[in-house]
Amino acid sequence: MISGISRFVSYLLPVLFLIVNTNNTAAQILTPNKTPLEETVKIPDDSLGRRTPQGTVNGFIKAIGDQNYLRASEYFVLSKRSYRRTAERIRIAQTFQQLLDQGGSLSPSSIISNKETGRTDDDLAPGVDLVGSIADGKTAVPLYVENQSDDGQPALWLFSAETVESILSADIRVEKTFLDRILPKVLIEKKFGNVPIGHWAVVVVMVVFSYLLSRLLIFMLVFLIQKIWKNTASEKGTAIIKALALPVHMYLTVLLFVAFTQRMGISIVVRQRFSIILITIGIIAFLILLWRMTDFVSMYTRSRMTRKGRISAVSAVLFLSRTTKAAIVLIGIIALLGIIGVDVTAGLAALGIGGIALALGAQKTIENFVGSVSLIADQPLRVGDYCRIDDIKGTVESIGMRSTTLRTAARTIVTIPNGQLSASKIENFAHRDRFIFNPVFNFRMETTPDQMRYLLVELRSLLYAHPAVLNSPPIVRFTGITADALKVEVTSYIEAVNFDISQQVQEDLLLRMMDIIEKSGTALAYPSQTIYMARNVALPEEKSAEVSAIVKKWKADNELQLPDFDPKRVEDLQGTIEYPGEGSYKAKDE
């Protein structure tokens, strides 16, 4: 079949050459003014395919597969005069094949450089590539190909003179391989693809044997892991073992197969043809490993997010998992095409252009996706949080991959794209560690200075004494005299687990403050812009006199808590108020 393909290619190349020449001729006719400097110089092809390291190795393998050892010798640098005789050249090629069959190896064709410059990312000198090795006792003799052309000339890669000398001086007795000694003569004499049928049969047997042996080794390894690692019975341990079992099994099968076939003396022609299959299996095993690890990470992350109540993150994890899998498939296809020799450069360029066009067309979608990822990573809000986004207030209903929905106080649903949301100012009320209590009181102008002093002391005493008010300390200040009132501003913080509890505490504080205001004998002032039609009632003089007496006593005893409270007085006040107050059913329960 391979020879038939070769004949087909040999028939096709002249036709392609004529088509190319015809196109070039037509181009020259259409552009008669083209100068010789503008013409592209075409490098002639080498009939043996020695322009690249890969072509040299492939041509050599094909020649020895066809048992054309004289042609195979064309791939060597034969510097000595004695090596140039036909018989000596054939002997060198046969010796090289026998050494490769007895345990030597060549790099898989797809790994060897297919460029005229060879590999430039290794530690070797320019124009020299390592393509394999042969065993010399307990050491490995490297096999090099070397570019024999001068600068500016077409490349010509041959097995180096050093490699030829190593082949002929290797401390190995060239003899029949292990398979050639044990296989029946009929299986050696009959050939398929110029390789003994027995070698192909042993390859099939080795595939099955390597598979079964690797399966047994995996079973034993899992058994040992289960004995050593106690968490293997857990969901996490089971998932890890399941994710690794198949890829490791495939890798181990390939390694065992390569080791067995190399040491049993299977023909290098067979092994080299199988190398592409082995690398393909290795790539597939690696892709399966990535796929299963993606599933494991996705499952573990989704389970963790669900336990933490971060339902919005689950959709993002699923999307990222699917995107990763699509990338794995794409990378796998590109890698496999490159292994079988397909030039993927043009495809990658087209894919890049298509990706740019897709990105431009789906700009808003990508913006919303990036916004959702940033929302999940930073977590400025979560489902159930009450927040304000720009001028919209509401409770977060859901956080999707494209948008976030809020339910407002009017029970309407507002949908905000995540791209816009990530760039907006978000005020989250759900994660407050304290709630501000900041009422402003306007007292009547008739309020006396002693009444004001009494109010300042008693209001602050209330805040110190209340168990739900943080001792930060609270601030109660007489901040101004307006045209119609005396202004007192209160600033403190309420410690509560949520907004509803803070409202309860604020209600209790305001009621107690109203009691203090009433007890002081003064009252709150009405706004000046409001016309209050009522009989003018004088303030109770007895309460004013009583308050003045209390303040006078404070002054006489040096206990006036202005402008600041005595720390000992603060300590005595803390926690003295009963909250909830007397008569509340909660107080009875407690």
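Which residues touch the most other members of the largest nonpolar core? Select Phe60, Phe76, Phe96 and Phe159: these four do, in a core of 42 residues. Bear in mind as you click around that this is a predicted model.

Stay with Phe96 for a moment. Skipping its neighbours within four places in sequence, show what it is in contact with: Phe60, Phe76, Ile134, Leu143, Phe159 and Ile167. Another core lies apart from this one; it has 34 residues, and you can pick out Val457, Tyr464, Val469 and Ile516 among them.

Next stop: a loop. Select Gln148, between strand E3 (139–147) and strand E4 (157–159). Is Gln148 buried, partly exposed or exposed? Gln148 is partly exposed, because its relative accessible area of 35% falls between the 20% and 50% cut-offs. Leaving out neighbours within four places in sequence, Gln148 is in contact with Val77, Leu156 and Leu158.

Last stop: a sheet. Colour the strands in the order E10-E9-E8-E7-E11 and you have an open sheet of 5 strands with antiparallel pairing. Look at the edges, where E10 (413–417) and E11 (426–428) each have a single partner strand, so one side of each has no neighbour in the sheet. From one strand to the next, the twist averages 40 degrees.

Finally, zoom in on E9 (residues 403–407) and E10, which run antiparallel and are joined by 5 bridges. To see one of these pairs, select Arg407 and its bridge partner in E10, Ile413.

Note on methods: Residues numbered from 1 in each chain as written. Predicted model: local features only at pLDDT ≥ 70, side-chain atom pairs only at ≥ 80, totals over all residues. Heavy atoms only, no water. Pairing = 2+ DSSP bridges. Helix = DSSP H or I, 4+ residues; strand = E, 2+ residues; numbered from the N terminus. Axes fitted to C-alpha atoms, helices over the stretch in contact; angles between N-to-C directions. Core = buried A, V, L, I, M, F, W, Y, C linked by side-chain atoms within 4.5 Å. Buried < 20%, exposed > 50% of the residue type's maximum accessible area, 1.4 Å probe, protein only. Contact = heavy atoms within 4.5 Å.
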